[in-house]
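I opened my notebook to look around a structure I had not seen before. Here is what I looked up, entry by entry.

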Amino acid sequence: TPGRHAHKGLSATTARPRLGPRMRIGKKSRARRTLGFYRSAFGIKQPYRVLVDGTALQAAANLGLDLRVELPKVLGGRAEVVVTRAVVAELRSLGKEFKSATATAKRLPKLDSTGSGQAGAASASVLSAVENGNARRLCVLTEDAALQQRLAALSGVPLLRFARQVIVLEPPQRDERAAAEGAAEELARANDRRAALAPDAPDAAPKKRKRLREPNPLSCKKKKPAPAPTSSGASGEAGVKKRRRGRRR
């Protein structure tokens, strides 16, 4: 059945939408609002990390899409596509029909997660990567209907899926919004309690004024008046001048 994982019916035609010249990108305004919620409530921001499973990779292969190019358009910003090792092992075990999806998965960055190549391990590895608060701040793209339901029950996990020829970002669940709003209110109340219990801030110490220094007593001494020239000295100078004038012809 389309949307099921490998060992439970994942086929080479998984999530094969009606083909078109290009894949249309979903409503960007709604995606921006949804991402704004996850950014403010759970700290999920650029660069986004999108965890994909085998169903998503096979759907992209059927459409001839490069998720590393398309997902930044959907999310409106930088995005890195990642995969778990269990998903790669699952695709490798499925044979030639999944050759393209397997090759893509091998080139993607790998996340350390629980799971192996056994049946259901790929789905378990995706869940384990985002459980307990989604500490890695991951988004998830999957076409596995059962996995989508389990992911929708987790708070703080943006979920993407294929819808015909469009990749869409699912809006947050009502319970998820209520939980985020409750956490924000509790945080605000805690901040108010801390502010009420905190002691008043001490007044700022007054700035020290610069002290005027005493003037230097030596600089305050009166200057001695210059001695008045004597008459003899003046006449002598005049005589010298006269004699000098007398020499000129």
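**Entry 1: a charged pair**

I began with Arg49, which forms a salt bridge with Glu80, their closest N and O atoms lying 3.6 Å apart. The two residues are 31 apart and link distant parts of the chain, with Arg49 in strand 2 and Glu80 in strand 3. I counted a salt bridge when a side-chain nitrogen of Lys or Arg is within 4 Å of a carboxyl oxygen of Asp or Glu. Helices (H or I, at least four residues) and strands (E, at least two) are DSSP runs, numbered from the N terminus.

A note on the source: this is a predicted model, where local features need pLDDT of at least 70 and side-chain atom pairs count only at pLDDT 80 or more, while totals for chains, interfaces and linings use all residues. Residues are numbered from 1 along each chain as its sequence is written, and side-chain values use heavy atoms, with hydrogens and water left out.

I then checked how open the pair is. Arg49 is partly exposed, at a relative accessible area of 27%, and Glu80 is partly exposed too, at 34%. Here buried means under 20% relative accessible area, exposed over 50%, and partly exposed in between (1.4 Å probe, protein chains only).

**Entry 2: the strands around it**

How many residues of strand 2 are buried? I found 4 of the 5 in residues 48–52, so strand 2 is largely enclosed by the rest of the structure. Strand 2 runs parallel to strand 3 (residues 79–84), joined by 4 bridges; two strands pair if DSSP finds at least two bridges between them. Arg49 turned up again here, as its bridge partner in strand 3 is Glu80. Strand 5 (residues 138–141) also runs parallel to strand 2, with 4 bridges between them, and Val50 stands opposite Cys139 there.

**Entry 3: other salt bridges**

I noted that the structure holds 4 salt bridges. One of them joins Arg68 and Asp66, with closest N and O atoms 3.2 Å apart. Arg68 is partly exposed at 42% relative accessibility, and Asp66 is partly exposed at 34%. Another brings together the side chains of Arg161 and Glu170, at 2.6 Å from N to O. Arg161 has a relative accessible area of 27% and is partly exposed; Glu170, at 22%, counts as partly exposed as well.

**Entry 4: a look at strand 6**

Is Phe162 buried or exposed? At 5% relative accessibility, Phe162 counts as buried. Phe162 lies in strand 6 (residues 159–163). I also looked up Ala60, 102 residues away along the chain: the C-alpha atoms of Phe162 and Ala60 are separated by 9.1 Å.
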